[in-house]
Amino acid sequence: MRRTRIGFVVGFAVVVLALAGCGGDDEDAAGTSDTGTTTATTPTDGTTLSASVGPGFEISLMGADGADVETLAAGTYTVEVDDQSDIHNFHLSGGSVDESTDVSGTGMETWELTLAEGAYSFVCDPHAGSMSGSFEVSG
Ligand SMILES: [Cu+2]
């Protein structure tokens, strides 16, 4: 009787240990999601616009030809923003677009924007009265 009981306890302990061991192997399947920008497959127009603000009290948005943007065709654009000042920001808005850099931050940012027909403007928010521009997007 006593022997049987000990045998049962030991057997029970082995089962518990075995179950505990099974809980450990729930490894995540390491997903290698490739979010890199592959220009070959991006459905953009391939048009890059250059936005700049600072270091002085100047703000601009230029096309690939280096001229100020005044009109654009509707489509998808890459906007490379160079925020060169920690007292200015670049804030582009119009339609459903509303993108801006931090006033205190500096450096390059790249935005992929889909511009639909309409009026757009860009400003430095702290100095919107003197630092602004606008352009039209036609459908
Ligand atoms: Cu400013």
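Leu-49 sits in strand β1, which covers residues 47-53; strands here are DSSP runs of E with at least two residues, numbered from the N terminus. The model is a predicted one, so local features need pLDDT of at least 70 and side-chain atom pairs count only at pLDDT 80 or more, while totals for chains, interfaces and linings use all residues. Residues are numbered from 1 along each chain as its sequence is written, and side-chain values use heavy atoms, with hydrogens and water left out.

At 3% relative accessibility, Leu-49 counts as buried (buried is under 20% relative accessible area, exposed over 50%, partly exposed in between, with a 1.4 Å probe and protein chains only). Leaving aside residues up to four places away in sequence, Leu-49 touches a set of residues including Leu-61, Val-69, Leu-72 and Val-79, a contact being heavy atoms within 4.5 Å. Leu-61 returns the contact to Leu-49, and among its other partners are Val-79, Phe-90, Phe-122 and Phe-135.

That leads to the nonpolar core, defined as buried Ala, Val, Leu, Ile, Met, Phe, Trp, Tyr and Cys residues joined through side-chain atoms within 4.5 Å. The largest one has 22 residues, and Leu-61, Leu-72, Val-79, Phe-90, Leu-92, Leu-115 and Phe-135 have the most contacts inside it. At least two residues of this core come from each of β1, β2 (59-62), β4 (75-83), β7 (107-115), β8 (118-123) and β9 (132-138).

Next comes the sheet. Five strands, 5 in the order β3-β9-β8-β5-β6, form an open sheet with mixed pairing; two strands pair if DSSP finds at least two bridges between them. The edges belong to β3 (71-73) and β6 (97-100), each with a single partner strand, so one side of each has no neighbour in the sheet. From one strand to the next, the twist averages 20 degrees, with axes fitted as lines to C-alpha atoms and angles running from 0 to 180 degrees between N-to-C directions. Inside the sheet, β5 and β8 pair in the antiparallel sense over 3 bridges, and Leu-92 stands opposite Phe-122 in β8.

Then there is the metal. The copper ion has His-88 (ND1), Cys-124 (SG) and His-127 (ND1) as protein donors, 1.9 to 2.1 Å away; donors are N, O and S atoms within 2.8 Å of the metal (3.2 Å for Na, K and Ca), and with water not among the atoms, sites may look incomplete. His-88 lies in the loop between β4 and β5 (91-94) and His-127 in the loop between β8 and β9, so the pair ties together parts 39 residues apart in sequence. His-88 is buried at 0% relative accessible area, whereas His-127 is partly exposed at 21%.

Key
Helices (H or I, at least four residues) and strands (E, at least two) are DSSP runs, numbered from the N terminus.
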